[in-house]
Amino acid sequence: MIRNFIRGRLKNVQPTDTYFLKLYLAYSEIIAMKYLPLDPAIFINNRKHFTKALKSDSIAIFVSNDEWPRNGDSLHKFKQNSDLFWLSGIEQEDSMLILFPDNPDKKYREVLVLVRPNELKEKWDGKRLRAEEARKISGIETIVWLDSIDALLQSWIHLADTIYLDSNENDRKATNIKSREYRFIYEIKENYPLHKFERAAKILKDLRAIKSKEEIVVVQKAIDITEHTFRKLLTFIKPGVYEYEIEAEIVHSFLTQRSTGEAYSSIIAGGDRARTLHYVSNSEECLDGELILMDFGAEYGCYCADLTRTVPVNGKFSKRQKEVYNACLHLHDYAKSLLKPGITLVDYTELVGEEATKQFIKIGLLTKTDVKNEDPENKAYRKYLYHGISHHLGIDVHDLGTKTGPLQAGMLLTVEPGIYIEEEKMGVRIENNIWITKNGNIDLMKNIPVTVEEIESLMKH
């Protein structure tokens, strides 16, 4: 039953280089990946934290994502279920993770389920993980092939009182398609109606929000790749270049640095298009005298970087552009100073909004009368800054984490205020990635050029 379910296709339903070099040498026989092997301690520790939060006599089951059809007989590039990856480091399709810490047989307290390698299939689709390779990636000793899991899983479930099932509870989820984890939930509940059921996602939302030092090493690698790419762009951008040419430079640079590609679709928005927050057409010419907003980030080892910079197409800010840019940079630095353990994103956003109001008066966007007469539910500054200031970052670019509770040490957030002026056909946004610690915030993008002077100096042709 389980094997057939997992193999079912959607069409039937609705750091430093030295650090990575050492890992590469230690795990060089693992199946080839673009990125160098990650430290398996990441996944071993993640599982320890997760299983510690389970009720006694509980089993937790995670299934991989669907392979999504693109058109005809082609599929989109496979993207692993983020929770399964966070717990195992396994990116391969048709995989499962089963955690049963109270299993009487210690051998089966952690089980990774994989497709059995098949020589004929590999001629078509490429190499699949061998058991020893999967052990080195995940730190899980027990590997079971998918074609033999049904009877084993049934016996383990019979020993358990509670079944933890996974679901995509990301607050930004925007699809009604019943993906594999939801179909799996329905099938397990139908087959085991007398068991108690719990949400794995509720535990993972808290755990995934706190990044370990080992995870930050991987994020930093993604950021370093992004920094190298941005510096190259500063010498590439000039009047007459097209947005898609900049996008092509980004993708090329990422792939040549072992990134698996873009963490999200790059936003390359010149002139007035920068006011469209999720502009992804990237099709227009960059004109002399305009600013260009670039929001992009590399993915490395399934962890995301998320950078935004706004630069002059001709390499020189006008007086007004500089004034608006420096106001945005002031808000950026002010917001960073607020990100500390204990503050909530609600209070943080309110404080940034108060500072934005002051800055917008200073640069002539608002008057004191505008502020005096503002609607408390839609404050005056919102005309020029109409999005949130920060979001959690990690395996997902909009990662799991609290929106209402106090921030904690270990959380990784973006800081990205913007100023968007319809009358002047201008949009400016500046974004860095900040790791909150007990001893102060760490700006993981502190080495990426951000001041007017730094940008102009590097853009001199």
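User: A pocket is an open set of points on a 1 Å grid over the protein atoms alone, with protein on both sides within 12 Å along at least five of seven lines. How much space lies in the second largest pocket here?

Analyst: Welcome! This is a predicted model, where local features need pLDDT of at least 70 and side-chain atom pairs count only at pLDDT 80 or more, while totals for chains, interfaces and linings use all residues. Residues are numbered from 1 along each chain as its sequence is written, and side-chain values use heavy atoms, leaving out hydrogens and water. Taking volume as the space filled by probe spheres set on the grid points, joined across faces, edges and corners, the second largest pocket holds about 270 Å³.

User: Which residues lining the second largest pocket are closest to its centre?

Analyst: Lining residues have an atom within 4 Å of a point, and 18 residues line this pocket. By class they are 4 nonpolar, 8 polar and 6 charged (Ala, Val, Leu, Ile, Met, Phe, Trp, Tyr, Cys and Pro count as nonpolar, Asp, Glu, Lys and Arg as charged, the others, Gly among them, as polar). The largest share, 3 residues, comes from α13. Closest to the centre are Arg 172, Leu 345, His 391, His 392 and Lys 403.

User: How are helix α12 and helix α13 oriented to each other?

Analyst: Helix α12 covers residues 319-338 and helix α13 covers residues 345-362, with their axes 10 Å apart and an angle of about 155°. Angles over 145 degrees count as roughly antiparallel, so α12 and α13 are roughly antiparallel.

User: How many nonpolar residues does the contact of α12 with α13 have?

Analyst: Contact means heavy atoms within 4.5 Å. Alongside 2 polar and 1 charged residues, the nonpolar count is 10.

User: Which residues of α11 make the contact with α10?

Analyst: Helix α10 (residues 213-236) and helix α11 (residues 243-256) pack at an angle of about 145°, with their axes 9 Å apart. On the α10 side, the contact uses Ile 225, Thr 226, His 228, Thr 229, Lys 232, Leu 233 and Phe 236. The contact has 6 nonpolar, 4 polar and 3 charged residues. On the α11 side are Glu 245, Ile 246, Glu 249, Ile 250, Ser 253 and Phe 254.

Technical notes: Axes fitted to C-alpha atoms, helices over the stretch in contact; angles between N-to-C directions. Helix = DSSP H or I, 4+ residues; strand = E, 2+ residues; numbered from the N terminus. Parallel < 35°, antiparallel > 145°, perpendicular 65-115°, else oblique. 1 Å grid on protein atoms, 1.4 Å probe; cavity = no way out; pocket = protein on both sides within 12 Å on 5 of 7 lines; lining within 4 Å.
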